[in-house]
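Dear colleague,

Please find below the structure for your files. A short account of the findings follows it.

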Amino acid sequence: MFGRDPWGGPLEISNADSATDDDRSRDLDRGALMRQLDETQQSWLLAGPGDQAGKKKKKYVDLGCVVIDRKIFMWTVGTILGVGLFIGFVMMIVKLVPHKHPPPPPPDQYTQALHKALMFFNAQRSGPLPKHNGVSWRGNSAMKDGLSDNKVQKSLVGGFYDAGDAIKFNYPMAWSMTMLSWSVIEYRAKYEAIGELDHVKELIKWGTDYLLKTFNSSADTIDRIVVQVGVGDTSKGSTQPNDHYCWMRPENIDYPRPVTECSTCSDLAAEMAAALAAASIVFKDSKTYSDKLVKGAKALYKFGRLQRGRYSPNGSDQALFYNSTSYWDEFVWGGTWMYFATGNTSYLSVATAPGMAKHAGAYWLGSPNYGVFTWDDKLPGSQVLLSRLRLFLSPGYPYEEILRTFHNQTDNVMCSYLPQFNSFNFTKGGLIQLNHGRPQPLQYVVNAAFLASLYSDYLEAADTPGWYCGPYFYTTEILRKFARSQIDYILGKNPLKMSYVVGFGNKYPKRVHHRGASIPHNGVNYGCKGGFKWRETKKANPNILIGAMVAGPDRHDGFKDVRTNYNYTEPTLAANAGLVAALISLADIKTGIDKNSIFSAIPPMFPTPPPPPSAWKP
């Protein structure tokens, strides 16, 4: 059988090719049966037509690494989604339904007292008060200071009144600003944690802004500085109205307030330099203001070094109230702060000169006042600061010998605070008598508490567990225990159960020696003598001088809450500055000192090693 080939040739169709479809199908079935069948294929062949039709084919999900039944997969996904929705619903209910949080623990007593102690500085402000000053019975005062003095004829408005009067003494005011700045430099994180950092910085700036007015702060070289504004001498029986003769609110002062200046006053100049230098570190984030403070500090320290002399000559008004015994300790103190503020080693060379230390009394170990840190004697504070330098930077030669001496002397001072060494007496109630039983003891006690607490923090930050007093080793906790015991006494843990910080605790002095606090804020001007009746009355002060630490008890733990006896009831700016420093150092906040900020201006002590050589190239 032939057919036509479409490409031009005959097409032959064989009989084999003409086999029926049934024949081909049978041939395919035989071939399939001859192959090996797997189990699934055999089950298909064994199952009948009815079985095949009635059984549904399972569906699977291929997840790449595993194949699972589709029903199981869908059930698992649904369960996960359901559990997630349930958890989200529960969390939404928890957030929306109001619930009570346990109240935070109350601040410790040192923090509570610190809030109040800072408010004393608000009450002592002079000049135009800010709206947020927070002392309702105070107002603008002494708005013509300096301008009303024909010899000066410049504004000296601002600053702080010293105590219960209205005199502005630069010497203790500058010391107070140095102490506040020192406490901020060391414990900035604590101030921030309790919400007082902005407040204390504002107080420091209030003081340093005023100090900058008291000399030509824009010049590199100066020839005079202001000592004080106001007069307090009544010893000659004069009835001329002045800041001590009159008893009147500062807002109503109408008598002359003369300005005292000096041209040879090394102690005052170096203390003011220390205040501005320390504040420049506090305000280092504000470069313009910090630089302004450093410039003024340089001019003051230079002036103090060139024009030698005490700021309080015999017979002067300042000698009656804040007499300076020497200026050598201020040279060490001021030089130390100038070095920290500038990094200039010439200041460190002055502060560590062996002759300077000798004149400052560093070797007067037998002196009854050795180690007593005050607004007059800054040597103990300088020794602690320079021990800090040795502990953390260790500048080495040529400073190591004198720094080691200061470090050893600091250890000796700390030993002297411990009762077992009998360097100072203690009252039966436990108050150390750093001024040997004389009146107004608390101003010295708070400074010692601050140094002891701070030094213990230095030692811990240097991984040193304690210090030696001769052959005996004492832990840092011994120092803290001493500091706490003294501040606890001041806050009420004493035989009279009396807090000597006004407004703290349930029992505190009510008749504070303070003009503004003792005269009613009722719009009446009682005049110079009209206020005497408020001074003499046995009634409590109408205005509470929150945070003021009074002068303190006598050597028998006795106290007379009598307004006319300033030896018991008068607070001062310098004493409260020491109190603030001690309180922040003891505040129960789990953070230590700031080891590095005080050294921010100091360049590396040793030359930086050269960079490695560049890679060799053929």
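**Findings**

Of the 618 residues in the protein chain, 50% count as buried, meaning under 20% relative accessible area with a 1.4 Å probe, protein chains only. This is a predicted model, in which local features need pLDDT of at least 70 and side-chain atom pairs count only at pLDDT 80 or more, while totals for chains, interfaces and linings use all residues. Residues are numbered from 1 along each chain as its sequence is written, and side-chain values use heavy atoms, with hydrogens and water left out.

The protein chain has 22 helices and 9 strands (DSSP runs: H or I of at least four residues for helices, E of at least two for strands, numbered from the N terminus).

Leaving aside residues up to four places away in sequence, Tyr417 is in contact (heavy atoms within 4.5 Å) with residues including Phe426, Leu451, Ala452 and Phe482.

Leu451 and Ala452 also belong to a helix contact: together with Tyr455, they are the residues by which α16 meets His407, Thr410, Asp411 and Met414 of α15. The residues of this contact divide into 4 nonpolar, 2 polar and 1 charged (Ala, Val, Leu, Ile, Met, Phe, Trp, Tyr, Cys and Pro count as nonpolar, Asp, Glu, Lys and Arg as charged, the others as polar).

With kind regards
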